[in-house]
Amino acid sequence: MAKSKNRLSQEVNAGSMADIAFLLLIFFLVTTTIASDKGILNILPPKQDPNQPPPEIKLNERNIFNILVNANDQLLVEGEYLDNTDKLADDIKDFILNFGAPDEESISLYNSLPASLRERAKRDPNSSDHPMTGGAVVSIKTNRGTSYDRYLEILDQVKRAYFEIYAERVGLTSDQYRALTGKTPAEKELIDRGKEGIPMAISIAEPDKIGGN
Amino acid sequence: MAKFKKKTKTSENIPTSALPDIIFMLLFFFMVTTVLRENEILVEQKIPQATQLQKLEKKTLISYLYIGKPKNVAMFGTEPRIQANDVLIGTKDIVLWVNQEKDKLSEAERDQITISMKTDRDVKMGPISDVQFELREADARKLLYAAVGKVQN
């Protein structure tokens with residue numbers, strides 16, 4: 001009789017089921033990309049009224065940190081040629097926290113800074129007066145032929161300088177500070193305390209027209 | 001030899017019948033959480049790297065602009081183009097597009113609209129600044145330069 005053969009195992013072998021499911025799982029793992037909305041935030045200036053000339057802003061040359069990028073992606077930072085952007089964030093931090101000619105308000109800001117940031121205040125008369133509004137501005141000027149990659153790299157470094165200052169003020173690392181969402185009052189307080197008195201003054205000039213498309 | 005055969009009658013294997021269920025649960029988790037792309041990208045997208053990334057909280061406020069060299073060079077040429085939703089648009093159409101996107105949001109959220117610019121790294125600043133100019137005209141001033149994380153050394 002044929003029946004006698006089947007006595008040992010009557011059930012269906014389900015062991016390979018796991019393998020099949022694994023295959024499907026791996027397929028989905030590989031093919032799907034989880035959409036991430038990460039990037040560098042930038043707030044554009046309000047639109048200009050064509051009937052009115054752009055407002056004249058009187059700023060001393062020493063209060064502007066000039067970054068120029070040409071169509072060949074070459075950098076000119078404060079009048080000096082730079083090969084790479086490694087040192088840029090440090091230079092910007094020194095510039096922002098220079099306190100060359102502080103007024104009363106910025107002296108109290110200076111006193112509220114942690115010691116590690118106070119050390120950066122070189123008090124160079126040829127660098128920025130103070131980091132508050134109207135004090136230190138970082139200006140990025142590109143060319144129409146500059147690559148977007150290069151532009152983002154520089155904006156990234158400028159942001160890094162600011163975020164590192166903010167983070168150091170509240171005793172966090174830069175990564176932790178950027179991860180703050182401001183959803184809870186405690187987080188919002190940390191964000192505000194980091195930013196207080198040092199606005200992110202990044203001016204992005206309209207690119208000039210040579211060498212682009 | 002007969003000694004070994006005796007053992008096979010008793011079942012000694014571990015019950016693996018629950019294993020597929022566990023794997024299926026994982027599978028369903030991944031199937032549910034991943035979002036499949038609803039519109040096809042018509043331009044090249046090599047997203048540049050950056051370190052100082054910030055995450056946006058409210059995804060409903062984000063609208064995407066894709067900028068890059070068209071994939072179909074024979075049809076659209078090699079110059080960088082802008083893709084909104086699933087079509088390529090000209091620079092002048094951006095204001096109209098922004099207003100359409102704003103209409104999708106509720107009244108209170110309209111001025112909080114954020115444009116995520118997914119730009120190919122080979123694009124030059126010229127087209128980018130044109131887009132930014134149009135966005136200023138359309139009063140959509142919150143801008144996110146989409147980037148992927150760079151490994152810091």
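Helices here are DSSP runs of H or I with at least four residues, and strands are E runs of at least two, both numbered from the N terminus. With that settled, chain A reads α-β-β-β-β-α-α-α-β-α-α-α-β along its sequence. This is a predicted model, so please hear everything that follows as computed from a prediction.

I'll stay with chain A for a moment. Its secondary structure amounts to seven helices and six strands. The chain has 213 residues, and 37% of them count as buried. If we take the contacts in chain A between residues at least 6 apart in sequence, 73% join residues at least 24 apart.

Now chain B. Here we have five helices and eight strands, and the order along the sequence is α-α-β-β-β-α-β-β-α-β-α-β-β. Of the 153 residues in chain B, 40% are buried. For contacts in chain B with a separation of 6 or more, residues 24 or more positions apart account for 71%.

In soluble globular proteins, nonpolar side chains tend to be buried together. In this model the largest nonpolar core has 65 residues, and those with the most contacts inside it are Ile67(A), Ile92(A), Met117(B), Leu135(B) and Tyr145(B). Which helix gives the largest share of this core? That is helix 5 of chain A, residues 148-170, with 13 residues.

Take Ile67(A) from that list. Setting aside neighbours within four places in sequence, Ile67(A) is in contact with a run of residues that includes Leu75(A), Leu76(A) and Val77(A), then Leu88(A) and Ile92(A). Further along the sequence, the contacts of Ile67(A) include Val138(A), Ser139(A), Ile140(A) and Lys141(A), as well as Ile154(A) and Val158(A).

On to helix packing. Two packed helices are described by the angle between their axes and the distance between the axes.

Helix 2, residues 88-96, packs on helix 5 at an angle of about 55°, with the axes 8 Å apart. Helix 2 of chain A is therefore oblique to helix 5 of chain A. The crossing of these two helices is right-handed. From helix 2 of chain A, the residues in the contact are Leu88(A), Ala89(A), Ile92(A), Lys93(A) and Ile96(A). On the helix 5 side of chain A they include Ile154(A), Val158(A), Ala161(A), Tyr162(A) and Ile165(A). By class, this contact of helix 2 with helix 5 of chain A has nine nonpolar, one polar and four charged residues. Note that Ile92(A) sits in this contact and is also among the residues with the most contacts in the core.

Helix 5 of chain A passes helix 7 of chain A in a right-handed crossing. Helix 5 of chain A brings Tyr166(A), Arg169(A) and Val170(A), which meet Leu190(A), Arg193(A), Gly194(A) and Lys195(A) of helix 7 of chain A. The residues of this contact divide into three nonpolar, one polar and three charged.

Ile94(B), Val95(B) and Val98(B) of helix 4 make the contact with Val131(B), Glu134(B), Leu135(B) and Glu137(B) of helix 5 of chain B. That gives five nonpolar, no polar and two charged residues.

Ser116(B) lies in strand 6, residues 114-119. Its relative accessibility is 1%, so Ser116(B) counts as buried. Apart from residues up to four places away in sequence, Ser116(B) touches Ile62(B), Ser63(B), Tyr64(B), Leu65(B), Leu144(B) and Ala146(B).

Asn85(B) is not a glycine, yet has a positive phi of about 55°. Asn85(B) is in the loop between strand 4 and strand 5 of chain B, and is partly exposed at a relative accessible area of 32%.

Asp139(B), also a residue other than glycine, has a positive phi near 60°. The loop between helix 5 and strand 7 of chain B holds Asp139(B), which counts as partly exposed at 44% relative accessibility.

Notes: Residues are numbered from 1 along each chain as its sequence is written. Chains are lettered from A and ligands numbered from 1 in the order in which they are written. This is a predicted model: local features need pLDDT of at least 70, side-chain atom pairs count only at pLDDT 80 or more; totals for chains, interfaces and linings use all residues. Side-chain values use heavy atoms; hydrogens and water are left out. A nonpolar core is a set of buried Ala, Val, Leu, Ile, Met, Phe, Trp, Tyr and Cys residues joined through side-chain atoms within 4.5 Å. Buried means under 20% relative accessible area, exposed over 50%, partly exposed in between (1.4 Å probe, protein chains only). Contact means heavy atoms within 4.5 Å. Ala, Val, Leu, Ile, Met, Phe, Trp, Tyr, Cys and Pro count as nonpolar, Asp, Glu, Lys and Arg as charged, and the others, Gly among them, as polar. A crossing is left-handed if the near helix is turned anticlockwise from the far one by less than a right angle, and right-handed if clockwise. Axes are lines fitted to C-alpha atoms, for helices over the stretch in contact, and angles run from 0 to 180 degrees between N-to-C directions. Angles under 35 degrees count as roughly parallel, over 145 as roughly antiparallel, 65 to 115 as roughly perpendicular and the rest as oblique.
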